[in-house]
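The sequence and structure come first.

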Amino acid sequence: MRSAYLLASSASRRTQKTMTLATLTYTPLEDIQKIHAKAVATFKSGITRPLAWRRKQLIQLGKLIQENEDRLAEAIRIDLGKPRLEAVVADLGPVVYGVTNALENLEEWVSPDKPTKLPQWRANWDTTVYKTPKGTALVITPWNYPYVITLGPLVGAIAAGNTAVMKPSEMVPTVAAALAELIPKYLDPNAFHVVNGAVHETSALLSLKWDHIFYTGGGRVGRLIAEAAAKHLTPLTLELGGKCPVVVDSDTDISLTAKRILYGKQANLGQVCVAPDYVLVPRQRQDELVAAFQQVAKQFWPNGQFQSKDIGHVINSAHRDRLASLLAKTKGQVILGGAIDGARKMEITIVRDVQPDDVLLDDEIFGPILPIIPVDDVDAAIKFIADRPTPLVVYVFTESEALKEKFLQQTASGTLALNDTYQQLAVHEMPFGGQGESGYGAYLGKSSFDIFTHARSYVNIPFANDPYMAVRYPPYTDEGVDILATFGLRIPLPEA
């Protein structure tokens, strides 16, 4: 039986106990097909369809978070060094918000849609779109925000009436162990399952037929997931990330801009798909922006970054080495941070005068390094972004409505966010997802419900209509052509 070492806890919000060394047991490969079969059979039994069952599971998911807040926050502190505020606000809190939002809106979401604007000749066909669950979903998630990225999509899967199997990252073993223990205690153990493991276990999961796969991670693995899904024609959601640019307008408030950019970069030490990846600033304002970053850093970490409890750590030494290599190779000038301490500690680092061909611009940084690229003007910044793969989000700091429209028209991204970073994730009333290289499909709020829902069309053409439809039957006639063409081919076109 394959396993990995971790620190596990039995602490809950009510009872805090000391973490002890334990092992994370990987799911036996021979059990994975059985787990899949159980989840499929549970869905086919029909138990997941009643709203009362869905509501109960959603409430239980909310209780799982609230009753184990301390344990879950401590688990992610051990695995990632994530400060409690970030764990509560950005990883655990959004799951509970998603649960309450789904509970408040579930009846509306599942209600059939009945189009009202219909041609008279088919107005009595009872045209309806029913919201039906897709079936059994597979959710494969990364290590950086393991609660919200695993349990957030689960909210949508439950609300839509599906069963699900979750594969959390083995790189956060304390978190993965907690989820494996708590999910079957709080949720229906026949409907929802956690599979722990690494490459072999993930490959075994992907060899099976699912009704939807939801994957969050990097583009390289995303392509492998898409290839596996294609073998079974399985619908797929890919949340991939990419290099998210920040554009600073020439007349924006530089001090507040620097503060909000650095806030977004320091969250989880830059290990988040929507982290600012690089900054494009007018040349004449680069010095001012650099000074503002240095001033903000003193406010955030008055005793230095390594002395602050508000900064997490790099996930492992391999990622540390990758980031250290980038710093060693860049031709830009480090103006903030740059220090590395041990296997997993690294300062938020800002590099100025970075050129377009610099190593820092090759791939998504996914860590605490922020390059500044001076450009001639905003038009140059737009071209810089448009010439590169579509990012998950474009951040623009400006008060200009005209500039906002220019970015909407001349750039592409999953999201366009003005005058702040990272905060768009708090908005569950709009879909969160990528485009092109940054992925496809979206979730949050109703979008989480929609992604796991099949819109099933329905009509009932009354027998009583047959006399009016007689011209469609063979033998065909020219009169039939003329009559039926009035419903499509020969409809008068509206004026432009």
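The model is predicted, with local features needing pLDDT of at least 70 and side-chain atom pairs counting only at pLDDT 80 or more, while totals for chains, interfaces and linings use all residues. Residues are numbered from 1 along each chain as its sequence is written, and side-chain values use heavy atoms, with hydrogens and water left out. Helices (H or I, at least four residues) and strands (E, at least two) are DSSP runs numbered from the N terminus.

**Helix pairs**

The table lists two helix pairs by the angle and distance of their axes, which are lines fitted to C-alpha atoms, for helices over the stretch in contact; angles run from 0 to 180 degrees between N-to-C directions.

| Helix pair | Angle | Axis distance |
|---|---|---|
| α9 (residues 254–266) and α10 (residues 286–300) | about 60 degrees | 8 Å apart |
| α4 (residues 84–110) and α5 (residues 148–159) | roughly 10 degrees | within 9 Å |

Angles under 35 degrees count as roughly parallel, over 145 as roughly antiparallel, 65 to 115 as roughly perpendicular and the rest as oblique. α9 and α10 are therefore oblique to each other, and α4 and α5 are therefore roughly parallel.

Contact means heavy atoms within 4.5 Å. On the α9 side the residues are I254, S255, A258, K259, I261, L262 and Y263, and they meet E288, L289, A292, F293, V296, A297, Q299 and F300 of α10. Sorted by class, this contact has 11 nonpolar, two polar and two charged residues. Here Ala, Val, Leu, Ile, Met, Phe, Trp, Tyr, Cys and Pro count as nonpolar, Asp, Glu, Lys and Arg as charged, and the others, Gly among them, as polar.

**The sheet**

Strands pair if DSSP finds at least two bridges between them. An open sheet of seven strands runs in the order β11-β14-β15-β10-β9-β16-β17, with mixed pairing. Its edge strands are β11 and β17 (415–418), each of which pairs on one side only. From one strand to the next, the twist averages 25 degrees.

β14 (residues 349–352) is antiparallel to β11 (residues 333–336), with three bridges between them; Q333 has R352 as its bridge partner in β14. β14 also pairs with β15 (residues 369–375), in the parallel sense and over three bridges, and I350 stands opposite L370 of β15.

Which way do the residues of β14 point? T349 and V351 point one way, I350 and R352 point the other way, and all are buried, that is, under 20% relative accessible area; over 50% is exposed and in between is partly exposed (1.4 Å probe, protein chains only).

At the other end of the strand order, β16 (residues 393–397) and β17 run parallel and are joined by four bridges. V396 has L418 as its bridge partner in β17. α9 packs on the sheet, touching β9 (244–248), β10 (276–282), β14, β15 and β16, and its direction makes about 165 degrees with that of β10. α10 also packs on the sheet, touching β9, β10, β11, β14 and β15, with its direction at about 160 degrees to that of β15.

**A loop residue**

E429 lies in the loop between β17 and β18 (432–433). Its relative accessibility is 61%, so E429 counts as exposed.
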